[in-house]
Amino acid sequence: MGPALIRLTGVLLILGALSAWGWHVAMKKESFPLREVRLEGIINTDVERASRVLGVPKGTNLLHIDLPAARQRLIALPWVRDVQVERLYATGILVVTLTEKRAICLGRIGERLYLLSDNGQPIKPFEPTDRLTLPVVTPLEGEGSATSVVHIMEMLGRHGWLLSRLSEAVGHGNDRWTLYTTRGARILLSHQMEQELVLLRRLQKRFRILDRDIAQVDMRLTGKAAVRPRNLPAPS
């Protein structure tokens, strides 16, 4: 082994030792201490619960924090759709950015009400402290229930004039729906719902039928609507 090679080997050994010593120092508890957890993107998630589920106390060495495990704990919270966790070594801050689900309506599943997200899936059971998000949707049963929620809410989203008037939407077979207004009127729709809602809009503009005291509007007659008043006169 020549002198040059010996010197190179010595330098590499020294660098290796310094690197190991530096890693040992960095991994000590008092190195890179966590000074602050910064939770961002929270709207509906309980901050205290999120901090508790995160489970990382102040003073923890940032290098000791298992970021994938922390993310998985947080993503299990009802409102959380996605999580990003980032360590800021210079400031000792752990930045946790949540992307929350968006509630588009209430859903009746069995005997309980749930907040439903924009993919039609339940977020959590509805509680009195939650914001009331109408309409209450009773989706079709089975594997297509979430799809049916997305379908009806996308359809109603294109008819905002009607959506704001609704209290409930009940799905039936063959893609048929019954809508209930906040005034108690029932609107019967077939699988040609888009065309029927366009016609209903024209009738509303011309006759204000949904502002009247009616019990039912049957839109299932092609190109027509059958309106039934709430209090029909008794036959003579």
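Here are some friendly notes on this predicted model, point by point.

1. Ground rules. Numbering starts from 1 along each chain as its sequence is written, and side-chain values rest on heavy atoms, with hydrogens and water left out. As the model is predicted, local features need pLDDT of at least 70 and side-chain atom pairs count only at pLDDT 80 or more, while totals for chains, interfaces and linings use all residues.

2. Overall make-up. The protein chain has six helices and twelve strands; these are DSSP runs (helices H or I, at least four residues; strands E, at least two), numbered from the N terminus. Of its 236 residues, 36% count as buried, where buried means under 20% relative accessible area, exposed over 50% and partly exposed in between (1.4 Å probe, protein chains only).

3. Leu179 has Ile187 in β10 as its bridge partner. Four residues separate the strands of this hairpin, and Gly184 in the turn has a positive phi of about 95°.

4. On to β11. Strand β10 also pairs with β11 (residues 214-218), here in the parallel sense over three bridges, with Leu188 opposite Asp218. Do have a look at the link: the chain runs from β10 through helix α6 (residues 193-207) to β11, and this β-α-β crossover is left-handed. For reference, a crossover is right-handed if, with the strands pointing away from the viewer, the path from the first strand over the helix to the second runs clockwise.

5. The cores. A nonpolar core is a set of buried Ala, Val, Leu, Ile, Met, Phe, Trp, Tyr and Cys residues joined through side-chain atoms within 4.5 Å. The largest has 29 residues, of which Leu162, Leu179 and Leu200 touch the most other members. Beyond its neighbours within four places in sequence, Leu200 is in contact (heavy atoms within 4.5 Å) with Trp161, Leu162, Ile187, Ile209, Val217 and Met219. Another core, of 16 residues, lies apart from it and includes Leu54, Leu62, Leu94 and Leu98.

6. The aromatic pair. Phe32 and Tyr89 form an edge-to-face pair, at 5.4 Å centre to centre and 70° between the planes; the rule asks for ring centres (six-membered ring for Trp) within 6.5 Å, with planes under 30 degrees apart stacked, over 60 edge-to-face and the rest tilted. Phe32 sits in the loop between α1 (3-26) and β1 (36-40) and Tyr89 in the loop between β2 (80-88) and β3 (93-100), so the pair ties together parts 57 residues apart in sequence. Phe32 counts as partly exposed at 36% relative accessibility, as does Tyr89 at 34%.

Methods. Two strands pair if DSSP finds at least two bridges between them.
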